[in-house]
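Hello,

Here is the structure I said I would pass on. My notes on the contacts follow below it.

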Amino acid sequence: MSEAVKRISTPKSVVQWVLVVVLAALVAMVTLPGYIGGQWPWSTQLPVADTTEIRALLKAPLTLPGWEPSSHQEVRIGRRPWSLAEYQVVNGATDGPGSTFGLLMRPQMSADQQPEVEWVDMQGSQGWQINDRQVVRLSVPADGQPVKVTTQYFRALDGRNTFAVMQWYAWPTGGHYAPGKWFWADQKQQWQQRERMPWVAVSVLLPIEPVGDIRVHTEQMTEIAETVQQSLLEFALIAE
Amino acid sequence: MSISIPSSKSRLSLSPQSMALIGLLALMYGPLLWYWVDGWLNKSISIQHEYFSHGMIGLPFAAYIAWSQRPQWKRLPEKFHPAGFGLLALSSALYLSQLSDWMNISFPLMLAGLCLSLKGLPGLKLMGFPLLLVVLATPSQLPYLIEPYILPLQRFIAAVAGFLLMQGGVDVTVDQIYLLVNDRMVEVAPHCAGLKMLFTSLYVALMLIYWHRVWPSRLRTSIFLAATVGVSVVGNIIRNTLLSYFHGTENEAAFVWLHDSWGGDLYSAILLVSLIFVLRLIQQYVPEQFSFETNNQSIV
């Protein structure tokens, strides 16, 4: 009988010793360096790729081929600094719908800032009535895979003006209007590059005829949005 | 080897393997837990992690329950469940990742993995409740992912707070999640909208349900949980109404007191204590389960 007990009990304590060995290995690899160096992984923030270029967006308008900035200023929306620039088309009629548009961007200022409620803040600060909400996908060429962006597109009325508005969060490898999509791109970046994913909240405002149909402007808006994403990739969102 | 020792030994002392396991766990996760508690106390942790500050009461409670269940744990036969190693492997990988969000998650996975490896499914079942408390107190980025979806709740709270202020004769305009009182704007932000309070209330409700052994009655449990959600939402409507009122009437001191200072903590504490009274009421007036009066029918 004692033999039977032994035969059962031996593998059990083997399991326990295996567990001890596994934990001891983890301690040796991760925990001990922490105790020795006094530096813990959780108290050191992962860096975001250089945000100098992104923060510069507040100081100077983004260069867009085919368009010329006619004004630029820093504005506050929901206590956050945003960059507001107006652009005028370079070749073509200088007035009439489609010849000018506004670009509002909230650049990331530091590694601990994440996309949050930018779209609600904007809607609230502008007092917009929003309708005709739809999703527009676009893509810009890049070395390797094209960068895919999913934007939200809608009509905004503020009492005096009517805008066609296209919004998304731009990052080096893509773009989406939902903060959750940035979150997973950021996680991927953390695992692969041990770095945070930089981002810029982008909002393109095209003044259109009063209470007009935004569908007739979808093509032009998509082109503008592609130009903006392209320029951001070139000048601000430097991919590693 | 004497005969008298084993009986006392089996009750009180731990095997060297168990001691080694507990020691290693403490080494691995002690500093991490300390970081959580320090962050919750000094609010130095990110806003997402602050959502889990109920862990300050939940984690000690979980430890207490687990410790008091030692005799039952000992009585369970040692049994290895392969899923245990799966969880341990996952937990180890997350711990090795050195990414703080994922190292946090490795903690409950490690505990569950140990339960499964040492005592199999019955072990996991026995420690189920304390493990649940640990899981729900483990800081993660979940609130960040949830926040966009609670916009309707924010709108609702803003609308009702606006309605209440209007009844009080205050000139107020409600736009989406913004309350405009005397041209001063208050935003009902996600964490102000009581998502955090809702989490904390539900967590405390869970502890009360366990402590007062309400869970065998599904009727009482569900009524209590529903009442908890109600108390937390109503509480937040009142809080946001007061905040908009203070802000609109330029009573900055009162605003800061209720919003950032100990006024907010006091308010939360009052809400949580009120849950105890709600539970008392439910235990007094709600039957254990629905009773269909079959006796009457048989008489008729």
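Between domain 1 of chain B and domain 2 of chain B, about 1,400 Å² is buried in this predicted model, and carbon and sulfur atoms give 75% of that area. On the domain 1 side, B:Tyr51, B:His54 and B:Phe61 supply 41% of the area buried against domain 2 of chain B, more than any other three residues.

For orientation, domain 1 of chain B covers 14–144 and domain 2 covers 150–285. The contact draws 19 residues from domain 1 of chain B and 13 residues from domain 2 of chain B. The C-alpha centres of these two domains are 31 Å apart.

As for polar terms, zero salt bridges are found across this domain interface, while three residue pairs are in polar contact, both residues at pLDDT 80 or more. The helices α3 (47–50), α4 (55–68) and α8 (128–137) of chain B each give at least two residues to the side of domain 1 that touches domain 2. Of these, α4(B) provides the largest share, six residues. By class, that side of domain 1 of chain B holds 13 nonpolar, four polar and two charged residues.

Now the contact between the chains. Chain B and chain A bury about 3,900 Å² between them, with 72% from carbon and sulfur atoms. The residues of chain B that lose the most area to chain A are B:Gln17, B:Leu99 and B:Tyr144, together 17% of what that side buries. Chain B puts 44 residues into the contact and chain A puts in 39 residues.

Salt bridges between chain B and chain A number zero; residue pairs in polar contact, both at pLDDT 80 or more, number 10. On the chain B side, α2 (16–42), α6 (82–97), α7 (100–126) and α9 (142–146) each contribute at least two residues. The largest share of that side, 11 residues, belongs to α2(B). Sorted by class, the chain B residues that touch chain A are 29 nonpolar, 10 polar and five charged.

One local item remains. Strand β2 (residues 178–181) of chain B runs antiparallel to strand β3 (residues 184–187) of chain B, and four bridges join the two. B:Val181 has B:Arg184 as its bridge partner in β3(B). The two strands make a hairpin with two residues between them, and B:Asn182 in the turn has a positive phi of about 50°.

Regards

Notes
Residues are numbered from 1 along each chain as its sequence is written. Chains are lettered from A and ligands numbered from 1 in the order in which they are written. This is a predicted model: local features need pLDDT of at least 70, side-chain atom pairs count only at pLDDT 80 or more; totals for chains, interfaces and linings use all residues. Side-chain values use heavy atoms; hydrogens and water are left out. Two strands pair if DSSP finds at least two bridges between them. Domain bounds come from an automatic or database domain assignment. Contact means heavy atoms within 4.5 Å. Buried area is the accessible area (1.4 Å probe) that two parts lose on being put together, summed over both. A salt bridge is a side-chain nitrogen of Lys or Arg within 4 Å of a carboxyl oxygen of Asp or Glu. A polar contact is a pair of N or O atoms within 3.5 Å; within protein, one must be able to donate a hydrogen and the other to accept it, and residues adjacent in sequence count only if both atoms are side-chain atoms. Ala, Val, Leu, Ile, Met, Phe, Trp, Tyr, Cys and Pro count as nonpolar, Asp, Glu, Lys and Arg as charged, and the others, Gly among them, as polar.
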